[in-house]
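This report describes the structure shown below. It begins with the chain as a whole and then turns to one of its sheets.

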Amino acid sequence: MRQARHVLDGQGGNRMSKPALIGVDWGTSSLRLWRFRADGSVSDTKRSDQGIMNVGEGRFRPVFEAAAGAWLEPGVPILMCGMVGSRQGWAEASYAFCPAEVATLADHLKPVPGYPNAFIVPGVAVRAADGRRDVMRGEETQILGAASGPGRHLIVLPGTHSKWVIVENGCIRTFHTFMTGELYSLLRHHSILARLMPQSDAEVDEAAFETAVRGALDGAAAVMQSLFAIRARGLFAELAPEQAASSLSGLLIGAELREGLALARPLGVDHVAPWVIGSSALAQRYAQAFAVAGFRVRTEDEGASMRGLWAIARQRGLV
């Protein structure tokens, strides 16, 4: 197994006072840790490339302890979220069903077997009367860390599996998942379209991206046909390689927005500014697509997870 890469931000180390909480967001490809003070502020952060897919069977505890290092002290509570609670993770944390708020998650924490003071936040699931099912794991902590106040919000979390979430008065009411990021990766790297595109993603061609978004939004672009049209236009030199990649991204994101807005409007969010949570580059791409659709958005970085972890820990009485 390759050695984990750890980056420490801040000036704390062993000289700092005992932490009130160690917060952990352990996803498929990465591991993030926060060292909380008693007032809820963060004194240090750590990041590692040891996501759960890079951890061998039975190795979760030593990988975590190597990442946390000197932060680990007797009696300090540890709260984790993300894919660490999946069937492939350290310990499976059963889903809590919508509607779900901070108190719901706090009531369903999964103790880590054999590890005192360590708990895992459950994922959240939809079990609708019409038979629709949906799940999230990790995003629920980000969502409740960002939108804990009053009012109704549309939260969009771009990524491999994008989430569109309705939050009302700090409660996750319902959500839908779109496989936009995974489809983009598959088509971008493993389909016939890949042969027309550069090896790595260059900067977005904004004109090509927005044209594709607009076509998907207004229905002029039938997605399944338009995918192959990208190849045909490339063969006739009507799309440069970087334009082809931007067109593919715009087509898929535009299709996601068209479906997502159609689902959200009956729930009363037609006049609510969408709240986009994610890495800055992808969040800005979605903000650009929403602008084409006539929406102004608010953006939030992935630091919402740490606020969600603190809120859950306080609700449970861990801090």
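## Overall dimensions

What radius of gyration would a compact globule of 319 residues have, and which value does the chain have? The model is a predicted one. A compact globule with 319 residues would have a radius of gyration near 20 Å, and the value for the chain, 21 Å, agrees with this. Along the principal axes, the C-alpha atoms fill a box of roughly 65 × 45 × 35 Å.

## Fold and contacts

The chain contains nine helices and 16 strands. If contacts between residues at least 6 apart in sequence are considered, 65% of them join residues at least 24 apart.

## Burial, surface and charge

Of the 319 residues, 50% count as buried. The chain exposes about 15300 Å², and carbon and sulfur atoms supply 50% of this area.

The chain carries 33 positive and 31 negative charges.

Strands of a sheet pair through backbone hydrogen bonds, either parallel or antiparallel. In this chain, three strands form an open sheet with mixed pairing, in the order E6-E10-E11. Strand E6 (96-97) and strand E11 (133-136) each have a single partner strand and stand at the edges, so one side of each is left without a neighbour in the sheet.

How many bridges join strand E10 to E11? Strand E10, residues 124-127, is joined to E11 by four bridges, and the two run antiparallel. Within this pairing, Val124 stands opposite Met136 in E11.

Notes: Residues numbered from 1 in each chain as written. Predicted model: local features only at pLDDT ≥ 70, side-chain atom pairs only at ≥ 80, totals over all residues. Heavy atoms only, no water. Rg over C-alpha atoms; globule rule 2.2 N^0.38 Å. Buried < 20%, exposed > 50% of the residue type's maximum accessible area, 1.4 Å probe, protein only. Contact = heavy atoms within 4.5 Å. Areas by Shrake-Rupley, 256 points an atom, 1.4 Å probe, with all protein chains shown as cover. Lys, Arg positive; Asp, Glu negative; His and termini not counted. Charge placed at Lys NZ, Arg CZ, Asp CG, Glu CD. Pairing = 2+ DSSP bridges.
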